[in-house]
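Subject: Structure handover

Hello,

Here is the structure I promised to pass on. Please open it first, then read my notes below.

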Amino acid sequence: MKAAEELKKLKKCALDLQRYAEQSSSELAPYDIKRSQETYDTLLKDIKVLEEKHAPKKKFAFSKAAKASVQAVAPAPSAASSSGSGAAPSTSTIAAAKAAIPLPPGSRVIADNVDQTVALPLSPTDGLDIACQLLIRRNTNTTIHLPWYCGSVRLEENRHCRIVLGPCATSVYLEGLHNCTVFIASHQLRIHNSHGCRLYVRCASHPIIEDCSDMGFAPYSLQYAGVEADAEQAGLTQAKCWDNVVDFRWHKTEASPNWFVIPESERLLMDL
């Protein structure tokens with residue numbers, strides 16, 4: 001119990017350090033912003049290792065296997081078995097193995113949807129003392145509406161999707177997105193290897209892009225009942241950043257050609 005309490009205090013201190021760095025970001029050079037975020041990420045990894053080390057051991061018990069979910073939103077599926085002895089694993093097998101990694105409590109995966117609409121009016125952790133952490137990956141031509149307060153969010157390998165997120169308590173990470181429209185309110189926003197996206201942003205620090213092109217930015221324009229209360233819960237009432245984007249792959253004095261401000265006449269207003 002004592003270790004758990006100390007880890008909780010440590011996580012709070014880490015979050016305080018992150019917010020201090022966010023508040024100072026306007027006075028920092030891009031290199032210093034990158035270094036501070038790398039330091040914070042390393043600290044979070046160290047805390048996670050300690051949490052796993054001190055987590056209470058589960059008692060062994062026989063139980064019936066849970067039925068597989070057929071819904072689009074579910075815990076990560078189990079890995080597929082090898083198709084032959086000594087054979088090199090296929091790409092699908094490797095992807096399944098990655099998906100089988102256990103997720104923290106309160107986590108949800110929205111994955112592998114094609115030409116679908118996924119709308120969850122309430123958080124899966126509604127009524128609990130934790131924010132839902134989200135992994136949204138490998139969706140194509142799909143609309144995803146999640147208008148509620150959430151924890152950390154990762155978006156990976158989505159194509160031609162519209163993804164609408166309520167305020168996020170920590171960070172949002174984008175990797176490998178193509179031609180997506182995303183509504184994001186968060187403390188940190190980091191975007192890697194993404195192209196042709198339109199992002200509606202309310203961030204407590206500089207949005208960061210790396211290895212990206214044709215990325216459009218506009219102010220967060222999502223409206224739903226309770227959005228400002230969720231923003232307050234996430235600590236984002238003073239968040240105003242959206243057009244001060246830092247491109248880690250652009251080191252010249254002139255503006256990066258890899259991002260632009262979406263013209264007002266082309267901006268979307270989202271009311272759920």
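A residue counts as buried when its relative accessible area is under 20%, as exposed when that area is over 50%, and as partly exposed in between (1.4 Å probe, protein chains only). Buried residues make up 41% of the 272 residues in the chain.

Two notes on the source. This is a predicted model, where local features need pLDDT of at least 70, side-chain atom pairs count only at pLDDT 80 or more, and totals for chains, interfaces and linings use all residues. Residues are numbered from 1 along each chain as its sequence is written, and side-chain values use heavy atoms, with hydrogens and water left out.

The overall picture

The chain has 4 helices and 17 strands. These are DSSP runs numbered from the N terminus: helices are H or I with at least four residues, strands are E with at least two. Contact means heavy atoms within 4.5 Å. Of the contacts with a separation of 6 or more, 48% are between residues 24 or more positions apart. The chain exposes about 16,200 Å², and carbon and sulfur atoms supply 55% of that. The areas come from the Shrake-Rupley method with a 1.4 Å probe; for residues, only the protein chains shown count as cover.

The cores

A nonpolar core is a set of buried Ala, Val, Leu, Ile, Met, Phe, Trp, Tyr and Cys residues joined through side-chain atoms within 4.5 Å. The largest one has 35 residues. Leu 155, Leu 174, Ile 191, Leu 199 and Phe 217 have the most contacts inside it. Strand β11 gives this core its largest share, 3 residues. Another core lies apart from it, with 19 residues, including Ala 185 and Tyr 200. Leu 199 touches Leu 174, Ile 191 and Phe 217, among others, not counting residues up to four places away in sequence.

The aromatic pairs

There are 2 aromatic pairs. Rings of Phe, Tyr and Trp (its six-membered ring) pair if their centres lie within 6.5 Å; planes under 30 degrees apart are stacked, over 60 edge-to-face, and the rest tilted. Phe 183 and Tyr 200 are stacked, because their ring centres are 4.7 Å apart and their planes are at 10°. Phe 183 sits in strand β9 (residues 181–186) and Tyr 200 in β11, so the pair ties together parts 17 residues apart in sequence. Both residues are buried. Phe 217 and Trp 259 have ring centres 5.9 Å apart and planes at 85°, so this pair is edge-to-face. It links strand β13 (residues 215–219), which holds Phe 217, to strand β16 (residues 259–261), which holds Trp 259, 42 residues apart. Phe 217 and Trp 259 are buried too.

Where is Arg 202, and is it buried or exposed? Arg 202 is in strand β11 (residues 198–203). It counts as buried because its relative accessibility is 15%. Its side chain reaches the backbone oxygen of Leu 236 at 3.1 Å. Arg 202 also touches Tyr 220, Glu 228 and Cys 241, among others, not counting residues up to four places away in sequence.

Two loop residues

Asn 141 has a positive phi of about 50° although it is not a glycine. Asn 141 lies in the loop between β4 (133–137) and β5 (143–146), and is partly exposed at 40% relative accessibility. Asp 211 is not a glycine either, yet has a positive phi of about 60°. Its loop runs between β12 (208–210) and β13. Asp 211 is partly exposed, at 38%.

Best wishes

Technical notes: Polar contact = N/O pair within 3.5 Å; in protein donor to acceptor, adjacent residues only side chain to side chain.
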